[in-house]
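Reader: Hi! Could you walk me through this one? I'm new to it.

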Amino acid sequence: MRNRGVRIISCPSCARQGFKVIETVKILEQKLSHIKTPITLSVIGCVVNGPGEAAMTDVGITGGQKGSNMLYLSGVQKEKVLTNDMISKVVNEVEKKASELDNN
Ligand code: SF4
């Protein structure tokens, strides 16, 4: 059984991370706390584990070179997202996905 709300899967982060994984997860947890739909979100610092985790989550973000990160929706690579835009983009995509799931 999945829990209610957003379940975030993240990597422990290391020197390879393309953005600050742990801080980002903390902010996303706060900004997505209003979502009650069961949904998974992967927040992974680089391509070592990012695409694999994204394949198993509803929304995924994977760190890239020079702040150019990759957004995945339902495991499918979608678009590059700059680190400065990442939080708002991910929040927006999780809200959209939750609303889609609610209406199915
Ligand atoms: S996914 Fe990348 S950034 Fe995250 S712990 Fe693994 S190697 Fe480091």
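Author: Happy to; we'll go through a helix, some strands, the ligand shell and a few single residues. This is a predicted model, where local features need pLDDT of at least 70 and side-chain atom pairs count only at pLDDT 80 or more, while totals for chains, interfaces and linings use all residues. Residues are numbered from 1 along each chain as its sequence is written, and side-chain values use heavy atoms, leaving out hydrogens and water.

Reader: Great. Which residues of helix H1 are buried?

Author: In H1, which spans residues 21–31, the buried ones are Val21, Thr24, Val25 and Leu28. Around the axis they cover an arc of only 100°, so they sit on the same side of H1. That arc is taken from the directions from the helix axis to the C-beta atoms. Buried means under 20% relative accessible area, exposed means over 50%, and partly exposed is in between, with a 1.4 Å probe and protein chains only. Helices (H or I, at least four residues) and strands (E, at least two) are DSSP runs, numbered from the N terminus.

Reader: And what's on the face of H1 turned away from the buried side?

Author: Lys26 and Gln30 are there, and they are exposed.

Reader: What do the buried residues of H1 pack against?

Author: They pack against strand E1 (6–10), strand E2 (39–44) and helix H3 (83–102). Contact here means heavy atoms within 4.5 Å.

Reader: Let's stay with H3. Is Val90 buried or exposed?

Author: Val90, which lies in helix H3, is buried, because its relative accessibility is 1%. Setting aside neighbours within four places in sequence, Val90 touches Leu28, Leu41 and Ile61. Leu28 is also one of the buried residues of H1.

Reader: Nice link! How far apart are Val90 and His34?

Author: They are 56 residues apart in sequence, and 14 Å apart in space from C-alpha to C-alpha.

Reader: Now the strands. Which residues of E3 are on each side?

Author: Strand E3 covers residues 59–62, with Val59 and Ile61 on one side and Gly60 and Thr62 on the other. These four are all buried, so both faces of E3 are covered. In a regular strand the side chains alternate between the two faces of the sheet.

Reader: How many bridges join E2 to E3?

Author: Four bridges join them, and the two strands run parallel. Strands count as paired if DSSP finds at least two bridges between them. Ser42 in E2 stands opposite Gly60 in E3.

Reader: Tell me about Ser42. Buried or exposed?

Author: Ser42 is buried, because its relative accessible area is 0%. Its side chain makes a polar contact of 2.9 Å with the side chain of Thr57. A polar contact is a pair of N or O atoms within 3.5 Å; within protein, one must be able to donate a hydrogen and the other to accept it, and residues adjacent in sequence count only if both atoms are side-chain atoms. Beyond neighbours within four places in sequence, Ser42 has contacts that include Ile9, Glu53 and Ala54.

Reader: What about E3 and E4, how do they run?

Author: E3 and E4 (residues 68–73) run antiparallel and are joined by four bridges. Thr62 stands opposite Met70, while Val59 stands opposite Leu73. The two strands form a hairpin with five residues between them, and Lys66 in the turn has a positive phi of about 50°. Lys66 counts as exposed because its relative accessibility is 83%.

Reader: And which strand does E4 join with six bridges?

Author: That is E5 (residues 76–82), which runs antiparallel to E4. Met70 stands opposite Lys80 in E5. E4 and E5 form a hairpin with two residues between them, and Ser74 in the turn has a positive phi of about 50°. Five of the six residues of E4 are buried.

Reader: Last topic: which residues surround the ligand?

Author: They are Cys11, Ser13, Cys14, Arg16, Gln17, Ile44, Gly45, Cys46, Val48 and Asn49, where near means a heavy atom within 4 Å. Ser13 is in the loop between E1 and H1, and its phi is near 75°, a positive value in a residue other than glycine. With a relative accessible area of 26%, Ser13 is partly exposed.
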